[in-house]
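Reader: Can you walk me through this one? I'd like the layout and then some individual residues.

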Amino acid sequence: MTTVLLTAAALTALAAVAGGVLAAVATRRVGDAVALLVDLLVAAALLRLTAQQDWPTIGVTGVLVALRYGVGRRLAGRGFEGR
């Protein structure tokens, strides 16, 4: 089960990068693309956290959640609602 979760986390992280780049190119709205990227990276970190409950993984997940909160707050001033 751990291997499946780690593979899913890696694929989600890859999808985050691809989706972020594709969204930036297609829409030319870099802020929204960054929000998408960070959201999917948080999802990947949470998947990894379910497979590995160690302090480095908890730390990375915490940093990504804080980054997501900061990105959402920053973009809220430009009409982005964090959805």
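**Helices and their packing**

Author: R28, which comes after helix 1, has a positive phi near 60 degrees. Helices here are DSSP runs of H or I with at least four residues, and strands are runs of E with at least two, numbered from the N terminus.

Reader: Where do the coordinates and the numbering come from?

Author: This is a predicted model, in which local features need pLDDT of at least 70 and side-chain atom pairs count only at pLDDT 80 or more, while totals for chains, interfaces and linings use all residues. Residues are numbered from 1 along each chain as its sequence is written, and side-chain values use heavy atoms, with hydrogens and water left out.

Reader: How many helices and strands does the protein have?

Author: Three helices and zero strands. Along the sequence the pattern reads α-α-α.

Reader: And what does the C-alpha trace span?

Author: About 40 × 25 × 15 Å along the principal axes of the protein.

Reader: What percentage of the residues is buried?

Author: Of the 83 residues in the protein, 27% are buried. Buried means under 20% relative accessible area, exposed means over 50%, and partly exposed is in between, with a 1.4 Å probe and protein chains only.

Reader: What about the accessible surface?

Author: The accessible surface of the protein is about 5,600 Å², and 69% of that belongs to carbon and sulfur atoms. Areas come from the Shrake-Rupley method with a 1.4 Å probe, and for residues only the protein chains shown count as cover.

Reader: Take helix 1. What is its reach from first C-alpha to last?

Author: Helix 1 has 26 residues and reaches 36 Å, close to the 38 Å expected at 1.5 Å a residue. The expected span is 1.5 Å times one less than the number of residues.

Reader: Which residues of helix 1 are buried?

Author: L5, A9, T12, A16, G20 and A23. Helix 2 is included in what covers them.

Reader: Why does A16 count as buried?

Author: Because its relative accessibility is 0%. Apart from neighbours within four places in sequence, A16 is in contact with L37, L40 and L41. Contact means heavy atoms within 4.5 Å.

Reader: How far is A16 from A43?

Author: Their C-alpha atoms are separated by 9.2 Å, and the two residues are 27 apart along the chain.

Reader: T12, buried or exposed?

Author: T12 is buried, at a relative accessible area of 18%. With neighbours within four places set aside, T12 is in contact with L40, A43, A44 and L47.

Reader: On to helix 2. Which of its residues are buried?

Author: G31, A33, A35, V38, V42, A44, A45 and A51 are the buried residues of helix 2. Their cover includes helix 1 and helix 3. Helix 2 has 22 residues and reaches 32 Å between its first and last C-alpha, close to the 32 Å expected.

Reader: What is A51 in contact with?

Author: T2, L5 and L6, leaving aside neighbours within four places in sequence. A51 is buried, with a relative accessible area of 15%. Its C-alpha is separated by 16 Å from that of L41, ten residues away along the chain.

Reader: Now helix 3. Which residues are buried there?

Author: T57, T61, L64, R68, V71, G72 and L75. Seen down the axis of helix 3, the buried residues fall within an arc of 100 degrees, so they line one face of the helix. The arc is that of the directions from the helix axis to the C-beta atoms.

Reader: What covers the buried residues of helix 3?

Author: Their cover includes helix 2, residues 30-51. T57, for one, is in contact with R48, L49 and Q52, leaving aside neighbours within four places in sequence.

Reader: Which exposed residues does the face turned away carry?

Author: On helix 3, the face turned away from the buried side carries the exposed residues W55, P56, V63, Y69, R73 and R74.

Reader: Last topic, charges. How far apart are the mean positions of the positive and negative ones?

Author: The mean positions of the 8 positive and 4 negative charges are 7 Å apart. Lys and Arg count as positive and Asp and Glu as negative, while His and the chain ends are not counted. The place of a charge is NZ of Lys, CZ of Arg, CG of Asp or CD of Glu.
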